[in-house]
Amino acid sequence: MTQQTWDEVGGELLPHDEFRAASEAIVANIERVIEGKTATVRLALAVLLAEGHLLIEDVPGVGKTKLAKALARSIDCTVRRIQFTPDLLPSDVTGVSVYNQETHDFEFRTGAVFANLVVGDEINRASPKTQSALLECMEERQVTVDGVTYQLQTPFMVIATQNPIEMEGTYPLPEAQRDRFTARIAMGYPDPGAELAMLDGHGAADPLRELRPVSDADTVRRLIATVREVHVADAVKQYAVDLVTATREAPDLRLGASPRATLQLLRTARAVAALEGRDYVLPDDLQALAVPVLAHRIIPTADAQLARRTTDAIVSELVHRLPLPHDRQRSPYDTRPAAEGHGRGPYEPRKG
Ligand SMILES: Nc1ncnc2c1ncn2[C@@H]1O[C@H](COP(=O)(O)OP(=O)(O)OP(=O)(O)O)[C@@H](O)[C@H]1O
Ligand SMILES: [Mg+2]
């Protein structure tokens, strides 16, 4: 129930150049309004293509809402935005049965999650009850109201934003709920050049208003279907498991990453590989994704917290220490070239 079956997405696979053209068009479109954040923009798209949900966490005014809106606007699909406030009710998110006087029957009025892209702005301002209503939909991809289950649309992605600073009137997401997000990204300040470009491009009018869709839900379904076919070598799968196991054994961590994290790590790696034009995942993809996919799910020990060690730093260190799969397989005395077997690298699918 938590996972859709392969045919449910219903998209036909895209050939290599069409995949590239469609995905690059979305990235380029978002970059018309978000200056100097290519890696962040690509990661946001990767999460969509990995059928995941994205948490954008950063200080005020760095373009979180703008990135969420730009991605939503780049794809011609249903978008709904929820501004989270303390008085928002769970039924505002999921929907509610109302009595229709004319038909003398109850009818279901859909809540904000009934869309392809749901932008949940300032999610930590909603009450825990409302937060959990949203987070349940994220996992189940369906809503049950008064005993009736309604399926959500495909693609379905929640992009939530929040500030890390603990301010009055915020309810930080509990770990169990953070685990539902495939990745957490920080925007970070633009570098001075990008900030200057922002002043030129965005000074007078808001370029977001002129942003037009460059893709649609059907294309996104096909992009997703293509990502699902990206090859993952056994050694790379093993590496993902080793990476996650390392978080569970790290002395600095009180809570390591969940099996859900392992699944989502691999899915996002497939999307990143496809965006890079590859039909197979490299261990480097997992290394690059370890912090955004794992760091928000784990909890440091009290000692590590006292030493002000961030989970980002702890995960980066684990990645550094863990040997790459291919290095592990090979004897240090092996002088043959690394790529073997049909002239392809060790992580590529064997063809022919
Ligand atoms: N990298 C960037 N490129 C282009 N514009 C940017 C960038 N960073 C910030 N801005 C601009 O800064 C303004 C604030 O952005 P936005 O509202 O998205 O911030 P936010 O992170 O959602 O803030 P808050 O936490 O207060 O909601 C917008 O006008 C946006 O265009
Ligand atoms: Mg905002």
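Figure 1. Where pLDDT is low, the predicted coordinates should not be read in detail. Helix H1 (residues 6-9) has the lowest mean pLDDT among the elements of the chain, at 51. Helix H11 (residues 259-275) has the highest, at 96. For the chain, the mean pLDDT is 87. Of its residues, 89% reach 70 or more.

**Figure 2. The overall chain.** The chain holds 15 helices and 13 strands. It has 352 residues, and 39% of them count as buried. Take the contacts with a separation of 6 or more: residues 24 or more positions apart account for 79% of them.

**Figure 3. The shell around ligand 1.** Ligand 1 is surrounded by 17 residues. Glu35, Pro60, Gly63, Lys64 and Thr65 are the closest. Two elements give two or more residues to this shell: helix H4 (64-74) and helix H8 (192-202).

**Figure 4. Helix H10, residues 234-249, with its two faces.** H10 has 16 residues, which should span 22 Å at 1.5 Å a residue. Its end C-alpha atoms are 22 Å apart, so expectation and model agree. The buried residues in H10 are Val236, Tyr239, Ala240, Leu243, Val244, Ala246 and Thr247. These cover an arc of only 150° around the axis, so they sit on the same side of H10. An α-helix has 3.6 residues a turn, so residues three or four places apart point the same way. The face turned away from the buried side of H10 carries exposed residues: Asp234, Arg248 and Glu249.

**Figure 5. His296 in its loop.** The loop that holds His296 runs between helix H12 (283-294) and strand E13 (299-300). His296 has 23 other C-beta atoms within 10 Å. The cut-off for a buried residue is 20 or more, so His296 counts as buried. Beyond its neighbours within four places in sequence, His296 is in contact with Leu55, Arg178, Phe181 and Arg184. Leu55 lies 241 residues from His296 along the chain. The C-alpha atoms of these two residues are separated by 9.3 Å.

Definitions and conventions:
Residues numbered from 1 in each chain as written. Chains lettered and ligands numbered in written order. Predicted model: local features only at pLDDT ≥ 70, side-chain atom pairs only at ≥ 80, totals over all residues. Near = placed C-beta within 6 Å. Helix = DSSP H or I, 4+ residues; strand = E, 2+ residues; numbered from the N terminus. Expected span 1.5 Å × (residues − 1). Buried ≥ 20, exposed ≤ 12 C-beta atoms within 10 Å, placed from the backbone. Arc of directions from axis to C-beta. pLDDT = per-residue confidence, 0-100. Contact = placed C-beta atoms within 7 Å.
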